[in-house]
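Good morning, colleagues. I would ask you to look at the structure on the screen while I describe it.

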Amino acid sequence: SYRPLGLQQLSRRTISSSARRQVDNMVKEKQKLFQANNGIPVHLKGGAKDAILYRLTMALTVFGSGFVVYELLNAAMPKKA
């Protein structure tokens, strides 16, 4: 079986070294962002995406809880035929 070993090693070295540098830089930036003492809760420090996800999750939770209560009441008091 033929393997272009040189090309494989070159691509692996290029991808792994460039990705590692970018990840290290992002980790330091994220640590500064999330450890900043600015009064913002940690689950909202990621910005607008975090706020939207949080609000969507809360809305789905409230809707789901209300729907469960409605269905339980509906099952507890069946309609008379």
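The protein has two helices and zero strands, where helices (H or I, at least four residues) and strands (E, at least two) are DSSP runs numbered from the N terminus. This is a predicted model, in which local features need pLDDT of at least 70 and side-chain atom pairs count only at pLDDT 80 or more, while totals for chains, interfaces and linings use all residues. Residues are numbered from 1 along each chain as its sequence is written, and side-chain values use heavy atoms, with hydrogens and water left out.

Of the 81 residues in the protein, 2% are buried; buried means under 20% relative accessible area, exposed over 50%, and partly exposed in between (1.4 Å probe, protein chains only).

Let us turn to Lys45. K45 sits in the loop between α1 and α2 (48–76).

What lies 2.4 Å from a polar atom of the K45 side chain? The backbone oxygen of A36 does, and the backbone oxygen of F34 lies 3.1 Å from a polar atom of that side chain.

F34 itself belongs to helix α1 (residues 5–35). F34 counts as partly exposed because its relative accessibility is 32%.

Finally, the span of residues 52–73 is 100% helix and 0% strand, and its end C-alpha atoms lie 32 Å apart.

Technical notes. Polar contact = N/O pair within 3.5 Å; in protein donor to acceptor, adjacent residues only side chain to side chain.
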